[in-house]
Amino acid sequence: MNWVKSRKLPAIEAIEHNSHPYLTPENLWNSLHSSFNIALHRQVNLNILDKVNCKPPQKWSPFSRFEFKSAISKCNDSLTPEPDKLIWRHLKIIIKNEDCLSRIIDITDICFNLEHWPKYFKVSTTIVIPKPNKLLYDHPKAFHPIVLLNTLSKLIEKVVAKRLQFIVVSNDFIHPSQLGGLKFKFTADAGIALTHIIQSGWAKGRSTSSLAFNISQFFPSLNHNLLVLILEKAGLNHKATKFFANYLIQRSTNYLWNNLSSPMFDVNIGVGQESALSPILSTLYLSLFLYILENRFKSLKIPTSILSFVDDGLFMVQNKSFNISNSHLFCSYNILSKLLDSFGLVIKHSKTEIFHFSRSQSVFNPPPLDLSPLGGPILRPKDTWKYLGFIFDQKLSFHKYIDHYANKAISMVKCMKLLGNLSQGISPIQKRLLYRCCALPIALYGFQLWFYNKALVSYHMKILNKMQRRAVIWILGAFKTSPSEGIEAIAGIIPIKYHI
């Protein structure tokens, strides 16, 4: 049975520009290319990096067999074939041959020694997919580009990305508040950091005001010239810097829309989001930006803290007065807008949000933040705020947060009932495995934010116990009146408190 089917995109005529539908594929290709490369002609200020100190150049050693074998061992064999029609399962078989592996390593080392990335690896295919939760799909901005690279190119990029991250982390180039785009960094880290800052502010008798912003089309907007200068500042030696300078230029791609394929287009801006190098390159681009932004806050004595997770940023100000906090956030947003312009980036004002955290027992009615003089909206705090999948409330009770994810897990368990019952379908052992692998991680997503020493978790545990009880009853086909401890023991599922 096909559980998942490919979703067809709308017909070409359904896409409009200035209320006029596209009647030919050529119009669609040009519109998609201009929409996905909107930052091509933005100006950047290369002199902005002059005051940034360079890290000592690091030696770029030849690549090892272990690096390639460890990189390919984590690749999924069932992924869609890339443009070269080579899948990871085939490449793993090739890598097992020591002579073939030696040739691949030689190719990679020669690329760095010659400061050149072959044109064959620069050709890609861009799959156009719809963005989720859009009311209408009648404009190119309602779609999202996914870049498919040749499989051998992706393997080499995985190895290079891991090496590059090791170098920049070892010399402390990454900004401490940059919590995304790096290995071993997760959304939970950002949520824990935010929760810690709020709690520490309450310990000092201060409320915390947060301003969340998003950088529009971040990955396709990275300027190549500025990125090369940043790599030089990060401590890469001359050959490695020149290699990346060549890696970024003269790239080309074609677009796929249903069964239609476009001619090749030149891509001279940004980094592809499917590339293994895009997370670390974008992190480096933002890290230097965050250092400069932080220094400007210090020079102007603006007490604003920063958190960043890829293209989602967060300003935090702690004060007893929300009016003073709003004024600091307004100044910070103004500085942010101007500095992003120097880096060729733009804020997506429609995603800017404000939220205040306070333990006050009185009527909570903080003033709105008017960003209209800066081209932004008038922001009014809501009862809850969703950030990186976490649902925050004013007092960090996380009640609505646990309700939301427990309900999602219960909904998944209900859907799993289609897979079998006592008389037919999958066995109880398989049901248990499904629950452990699919439903439980959803219910416990981000539990580190609310489960800590001396935290009030009775409500959370009550909701999670109800969720697990319904799952265990489905696994065993037990009566609804069965005792929870007994059916959990029979199903081989430990109590929810021990999962946490």
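## Strands, helices and salt bridges

P130 stands opposite F143 in strand 4. The model is predicted, so local features need pLDDT of at least 70 and side-chain atom pairs count only at pLDDT 80 or more, while totals for chains, interfaces and linings use all residues. Residues are numbered from 1 along each chain as its sequence is written, and side-chain values use heavy atoms, with hydrogens and water left out.

Stay with the strands. Strand 3 and strand 4 (residues 143-148) are antiparallel partners, with 6 bridges between them. Two strands pair if DSSP finds at least two bridges between them. Strand 3 (residues 123-130) is also joined to strand 6 (residues 251-257). Those two run parallel, and 5 bridges link them.

An open sheet of 4 strands has the order 9-10-5-11, and its pairing is antiparallel. Which strands stand at the edges? They are strand 9 (305-309) and strand 11 (353-357). Each has a single partner strand, so one side of each is left without a neighbour in the sheet. From one strand to the next, the twist averages 20°. Strand 5 (residues 207-214) pairs with strand 11 in the antiparallel sense, over 5 bridges. Within strand 11, F355 is the bridge partner of S210.

Two helices pack on this sheet. Helix 7 (residues 187-203) touches strand 5, strand 9, strand 10 (312-319) and strand 11. Touching, or contact, means heavy atoms within 4.5 Å. The direction of helix 7 makes about 10° with that of strand 10. Helix 11 (residues 322-342) touches strand 5, strand 10 and strand 11. Its direction makes about 145° with that of strand 10. Angles run from 0 to 180 degrees between N-to-C directions, and axes are lines fitted to C-alpha atoms, for helices over the stretch in contact.

Next come helices that pack on each other. Two packed helices are described by the angle between their axes and the distance between the axes. Helix 3 (residues 88-96) and helix 4 (residues 98-114) pack at about 100°, and their axes are 5 Å apart. That makes helix 3 roughly perpendicular to helix 4. The cut-offs are these: under 35 degrees is roughly parallel, over 145 roughly antiparallel, 65 to 115 roughly perpendicular, and the rest oblique. Which residues meet? From helix 3 come I94, I95 and K96; from helix 4 come E98, C100, L101 and I104. The residues of this contact divide into 5 nonpolar, no polar and 2 charged. Ala, Val, Leu, Ile, Met, Phe, Trp, Tyr, Cys and Pro count as nonpolar, Asp, Glu, Lys and Arg as charged, and the others, Gly among them, as polar.

Side chains of opposite charge can pair when their charged atoms come close. A salt bridge is a side-chain nitrogen of Lys or Arg within 4 Å of a carboxyl oxygen of Asp or Glu. By this rule the count is 4 salt bridges. In one of them, E98 pairs with R65, and the closest N and O atoms are 2.3 Å apart. E98 lies in helix 4 and R65 in helix 2 (residues 65-73), so the pair ties together parts 33 residues apart in sequence. E98 also forms a salt bridge with K69, at 3.3 Å between the closest N and O atoms. K69 is in helix 2, 29 residues from E98. Shared partners join R65, K69 and E98 into one network.

Are these residues buried or partly exposed? E98 is partly exposed, with a relative accessible area of 35%. R65 is partly exposed at 36%, and K69 is partly exposed at 36%. Buried means under 20% relative accessible area, exposed over 50%, and partly exposed in between, with a 1.4 Å probe and protein chains only.

Another salt bridge joins E67 and R163, with the closest N and O atoms 2.9 Å apart. E67 lies in helix 2 and R163 in helix 6 (residues 151-170), so this pair ties together parts 96 residues apart in sequence. E67 is buried at 18%, and R163 is buried at 11%.
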